[in-house]
Amino acid sequence: MLKNSKVLFLVLFGLLFITCNQKDKSKVDKESILKGSMDITVDETLVPIVEDQVLIFESTYDAKITIKPKSEAELINDLLNQKATVAFTARDLTKEEREVFNKKKIAPRVTAVATDAIAFISNKDNNDTLIALKTVINFMQGKPEASIKGLVFDNPNSSTVRYLKTLAGTKDIPKEGVFSFKTNEEVIKFVAENKGMIGVVGVNWLSQPSPKMKDFVAKVNVLSVKSLTSDKFFAPTQNNIAEGVYPLARDLFIINCQGYSGLGIGFASFVGGDIGQRIVLKSGLLPIRVPGRKLNVRSEIINEKE
């Protein structure tokens, strides 16, 4: 009887081993760095540039990537709780966040892919198209500023709120004069329809508006900003970001916590590669690596008119 039990155990163990191997093989067959499907959690302020990257990536490879827009705080929490494995963010992981992953024996792959900027917008009917960063900081610190009727954010937990709170050295936003919605689209629409409000959005929403947003973007001014150390005002243009004179620039990252050679690695390599960096350049943001240009040098000048 004991011998039969051992035989039965070995048979069951063998079946279980074969089944597990089949599942692992099935997973590998379904996904590689250039094939398969995955979700990517995206900072809501960065959705347009990620949509462009995903569109070209999917048209080039046998892959399907689903974009899930979230606030920065939600995005980071999802990564830490392993509800998300790949994210497109406006900041790197902190030392404390990396320690959480270390305890779980997860080594996140972080790839810097671009530099964008936070932009201030106002209603077209407002004549003033300039704003001092010091004025915004004072407002964030709860000090009254006659030139600002209200600040409009996409979300209380967004990367734009975190960025300005850090600049202002405050943990909380003012109880009065601050409005928040859920998306950058809602911020742009609200500012386009309300005079005196200053909207805070990711610049990519303005440089590459979707068809449904073009009319609203046309009704707002993108403000030029004076930094804390300069007397000059600079607009959030690609050139000003590249020269480091626009004071609200920020680096963008892809954080991959998949733990295996899946689409997360392939997509990050694509965005950081030549094609992905050209997409960044065309979008109005600043590539981490400026794509090279091929020049054809001719030994003779051809007269095309002949």
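Which residues is T135 in contact with, leaving aside its neighbours within four places in sequence? The views below take that up along with a few other spots in this predicted model.

**Figure 1. The whole chain, before zooming in.** The protein chain has 12 helices and 13 strands. Of its 306 residues, 43% are buried. Look at contacts with a separation of 6 or more, and 75% of them involve residues 24 or more positions apart.

**Figure 2. T135 and its contacts.** Here's the reply to the opening question: T135 is in contact with E145, S147 and I148, once neighbours within four places in sequence are set aside. T135 sits in helix α5, which covers residues 133-140. Its relative accessible area is 15%, so T135 falls under the 20% limit and counts as buried.

**Figure 3. T129, in the loop between β4 and β5.** This loop links β4 (109-123) to β5 (130-132), and T129 lies within the loop. T129 is partly exposed, at 33% relative accessibility. Not counting residues up to four places away in sequence, T129 touches N221, V222, L223 and S224. Take N221: it is 92 residues from T129 along the chain, yet the two C-alpha atoms are separated by 6.6 Å.

**Figure 4. The aromatic cluster around F57.** Four residues, F57, Y61, F267 and F270, form one aromatic cluster. A pair of aromatic rings is described by the distance of the centres and the angle of the planes, so those two values are what to look for here. With ring centres required to lie within 6.5 Å, the count comes to six aromatic pairs. F57 and Y61 make a tilted pair, at 5.1 Å centre to centre and with 50° between the planes. F57 is buried, with a relative accessible area of 0%, whereas Y61 is partly exposed at 29%. F57 also pairs with F270: the centres are 5.2 Å apart and the planes stand at 70°, which is over the 60-degree cut-off, so this pair is edge-to-face. What does the F57 and F270 pair tie together? F57 lies in helix α2 (residues 47-60) and F270 in helix α11 (residues 263-272), so the pair ties together parts that are 213 residues apart in sequence. Like F57, F270 is buried.

**Figure 5. Where α11 meets α12.** F270 turns up again here, in the contact between helix α11 and helix α12. The axes of α11 and α12 (residues 274-283) come within 4 Å and cross at roughly 60°. That angle makes α11 oblique to α12. On the α11 side, the residues are F270, V271 and G272, and they meet D274, I275, G276, Q277 and I279 in α12. Sorted by class, the contact has four nonpolar, three polar and one charged residues.

Figure 6. Q82 is found in the loop between α3 (72-80) and β3 (86-89), while K105 lies in the loop between α4 (95-103) and β4. Are these residues exposed or only partly exposed? Q82 is partly exposed, at 49% relative accessibility; K105 is exposed, with a relative accessible area of 78%.

Terms used:
Residues are numbered from 1 along each chain as its sequence is written. This is a predicted model: local features need pLDDT of at least 70, side-chain atom pairs count only at pLDDT 80 or more; totals for chains, interfaces and linings use all residues. Side-chain values use heavy atoms; hydrogens and water are left out. Rings of Phe, Tyr and Trp (its six-membered ring) pair if their centres lie within 6.5 Å; planes under 30 degrees apart count as stacked, over 60 as edge-to-face and the rest as tilted. Buried means under 20% relative accessible area, exposed over 50%, partly exposed in between (1.4 Å probe, protein chains only). Helices (H or I, at least four residues) and strands (E, at least two) are DSSP runs, numbered from the N terminus. Axes are lines fitted to C-alpha atoms, for helices over the stretch in contact, and angles run from 0 to 180 degrees between N-to-C directions. Angles under 35 degrees count as roughly parallel, over 145 as roughly antiparallel, 65 to 115 as roughly perpendicular and the rest as oblique. Contact means heavy atoms within 4.5 Å. Ala, Val, Leu, Ile, Met, Phe, Trp, Tyr, Cys and Pro count as nonpolar, Asp, Glu, Lys and Arg as charged, and the others, Gly among them, as polar.
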